[in-house]
Amino acid sequence: MAQAPVVNELIGTRVRRHRTARGWTLDELADRSGVSRRMLITIEHGEGNPSIATLLRISDALGVGLPVLVDVERPRAVTVTAAGEAPVLWRGPRGGQALLVAGTAPPDVVELWDWTLQPGEAHTSEAHSAGTRELLLVLEGAVDLRVGERTDRLGTGDSAAFAGDVTHGYATPDDAATPARFALTVFQPHVPGGRT
């Protein structure tokens, strides 16, 4: 599995490269993304552990989509991510994790995630850009899916399609006997070429 410092350095290099290619200062990227200048400096230096929400705000502002910042950019017909090579972009307090296992470049960005949540763990996601849709398939265990004010419990083999442009989240019940594992696909249409 990709080590966090290596992934963070890769992300930092790519953020800086895309920012400077647009001729933007750190202040301009901060204004466009809503991420503080201090946090951007930390990210560009490959330090810290930026949240998925922070990386999404930066990738949206740059108009590149999250996979471009975290995945190896290879212009080929097929890109294979070997088992254990996907970057871990979220770690839960009890050992859960979210791996971005595949993704496409703009303008229509599709991400494929492999999530594991330990009993009692939860992750809340900010609303993504307008029109974002998500698909979730529970591979093992139980997942409480919250979309807006609604919560549904999904068991092994259950799936859901839902709006990703509202606040949403995933949790494993506190009393669960086993961790939950689920595949998540995020479709973000019309990722802009950077906000003006």
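The questions below ask what lies behind the terms used for this predicted model.

In this predicted model, local features need pLDDT of at least 70 and side-chain atom pairs count only at pLDDT 80 or more, while totals for chains, interfaces and linings use all residues. Residues are numbered from 1 along each chain as its sequence is written, and side-chain values use heavy atoms, with hydrogens and water left out.

Q: Why is aspartate 60 called buried?
A: Buried means under 20% relative accessible area, exposed over 50%, and partly exposed in between, with a 1.4 Å probe and protein chains only. Aspartate 60 has 10% relative accessibility, so aspartate 60 counts as buried. Its place is in helix H4 (residues 52–62); helices are DSSP runs of H or I with at least four residues, strands are runs of E with at least two, and both are numbered from the N terminus.

Q: What makes the pair aspartate 60 and glutamine 188 a polar contact?
A: A polar contact is a pair of N or O atoms within 3.5 Å; within protein, one must be able to donate a hydrogen and the other to accept it, and residues adjacent in sequence count only if both atoms are side-chain atoms. The side chains of aspartate 60 and glutamine 188 are joined at 3.0 Å.

Q: Is histidine 190 buried or exposed?
A: Histidine 190 has a relative accessible area of 64%, so it is exposed. Histidine 190 lies in the segment after S10.

Q: How do you know that the buried residues of H2 line one face of the helix?
A: In helix H2 (residues 26–33), the residues Leu26, Leu29, Ala30 and Ser33 are buried. Seen down the axis of H2, they fall within an arc of 105 degrees, so they line one face. The arc is that of the directions from the helix axis to the C-beta atoms.

Q: What is found at the start of H2, and what just after H2?
A: At the start, a side-chain oxygen of threonine 25 comes to within 3.3 Å of the backbone nitrogen of aspartate 27. Just after H2, glycine 34 has a positive phi of about 80 degrees.

Q: Why is H2 called roughly perpendicular to H3?
A: H2 packs against helix H3 (residues 37–44) at an angle of about 115 degrees, with the axes 9 Å apart. That makes H2 roughly perpendicular to H3. Angles under 35 degrees count as roughly parallel, over 145 as roughly antiparallel, 65 to 115 as roughly perpendicular and the rest as oblique. Axes are lines fitted to C-alpha atoms, for helices over the stretch in contact, and angles run from 0 to 180 degrees between N-to-C directions.

Q: What makes S5 and S10 a pair?
A: Two strands pair if DSSP finds at least two bridges between them. Strand S5 (residues 133–140) and strand S10 (residues 180–188) are joined by 7 bridges and run antiparallel. The bridge partner of glutamate 134 in S10 is valine 186. S5 is also joined to S8, by 5 bridges, and leucine 136 has alanine 160 as its bridge partner in S8.

Q: Why do S1 and S8 stand at the edges?
A: The open sheet of 6 strands has the order S1-S2-S3-S10-S5-S8, with antiparallel pairing. Strand S1 (88–91) and strand S8 (159–163) each have a single partner strand, so one side of each is left without a neighbour in the sheet. The twist averages 20 degrees from one strand to the next.
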